[in-house]
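Subject: Structure handover

Hi,

Here is the structure for you to look over. Please open it alongside this note.

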Amino acid sequence: MCGICGIINLKDGIAPDPELVKSMMGSLAHRGPDSSGYYRDRQVAIGHTRLAIIDLQSGSQPLSNENETIWITFNGEIYNYIELRDELISKGHIFTTKSDTETIVHAWEEWGENCFKRFNGQWALALWDSQNKTMILSRDRHGIRPLYYTVTNTKILFASEIKAIFMDKSVERSFSSKGFSELFTFWSTVAPMTAYKGIMELEPGHFAIIKENKII
């Protein structure tokens with residue numbers, strides 16, 4: 001179990017607040033006690049709190065490709081990453097770690113959104129393609145790993161837990177009557193619904209592409 005979080009600014013020229021992403025990471029510290037880190041540029045900030053399982057020495061996140069144009073924060077495990085890694089190396093990709101996380105980065109470079117069909121595992125991830133100014137959020141087919149998000153007038157925030165999103169004091173804090181109806185009916189809300197207004201859960205087996213200040 002790790003914690004992921006991030007901010008995508010929807011207003012040009014305004015970089016994400018580093019203190020906000022640090023606060024979001026702090027609220028997820030219990031998910032990843034081994035290390036933490038974040039990446040930030042003029043448009044996005046992504047954070048990670050790590051529970052180290054694979055490649056303990058060099059698998060810290062956020063992690064990038066060799067030219068630092070693609071960055072990822074990832075919670076989960078890709079069970080078939082060794083086979084995918086071998087295939088990607090045969091295609092000329094250069095790896096600097098032995099982590100399953102880096103396999104995702106190179107898989108995106110090679111296959112784009114079709115890479116998710118190749119993964120056998122459980123995951124929630126955010127991948128930032130800085131050259132194409134595109135953020136990808138993805139969740140495993142069974143929804144084992146959680147991923148929540150909200151859209152405001154100025155930014156999109158996402159995280160493994162809703163309380164990390166609420167570290168932004170401008171996010172509305174009110175309950176959803178439809179969400180509560182699902183809670184009392186099913187004992188849980190059904191994605192994309194949550195118990196809070198304006199807070200959504202990415203559906204299992206889905207990915208979202210955020211480009212040109214909108215979710216595709």
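Below are the strand pairings and then the salt bridges. Bear in mind that this is a predicted model.

**Strands**

Start at β11, residues 207-211. Strand β7 covers residues 134-139. The two pair in the antiparallel sense, over five bridges. Within that pairing, M135 has I210 of β11 as its bridge partner.

β11 also pairs with strand β12, residues 214-215. This pairing is antiparallel too, with two bridges. Here I210 stands opposite I215 of β12. So what is I210's place in the sheet? I210 partners M135 and also stands opposite I215.

β11 and β12 make a hairpin, with two residues between them. Look at E212 in the turn: its phi is positive, about 55 degrees.

**Salt bridges**

How many salt bridges does a search of the whole structure find? The search finds six. Side chains of opposite charge can pair when their charged atoms come close.

R139 sits in strand β7, and E201 sits in strand β10 (residues 199-201), so the contact ties together parts that are 62 residues apart in sequence. Are these residues buried or exposed? R139 is buried, and E201 is buried as well. Note that β7, which carries R139, is also the strand that pairs with β11.

Next, K155 and D168. They form a salt bridge, with the closest N and O atoms 3.1 Å apart. This pair links distant parts of the chain, 13 residues apart. K155 belongs to strand β9 (residues 155-159). D168 lies in the loop between α5 (162-165) and α6 (177-186). K155 and D168 are both buried.

Then K163 and E161. Their salt bridge has its closest N and O atoms 3.9 Å apart. The limit for a salt bridge is 4 Å, so the pair counts. How accessible is each partner? K163 has a relative accessible area of 43%, which makes K163 partly exposed. E161 is at 17%, which makes E161 buried; the cut-off for buried is under 20%.

Together with R31 they are linked in a network of salt bridges.

Best wishes

Terms used
Residues numbered from 1 in each chain as written. Predicted model: local features only at pLDDT ≥ 70, side-chain atom pairs only at ≥ 80, totals over all residues. Heavy atoms only, no water. Pairing = 2+ DSSP bridges. Helix = DSSP H or I, 4+ residues; strand = E, 2+ residues; numbered from the N terminus. Salt bridge = Lys/Arg side-chain N within 4 Å of Asp/Glu carboxyl O. Buried < 20%, exposed > 50% of the residue type's maximum accessible area, 1.4 Å probe, protein only.
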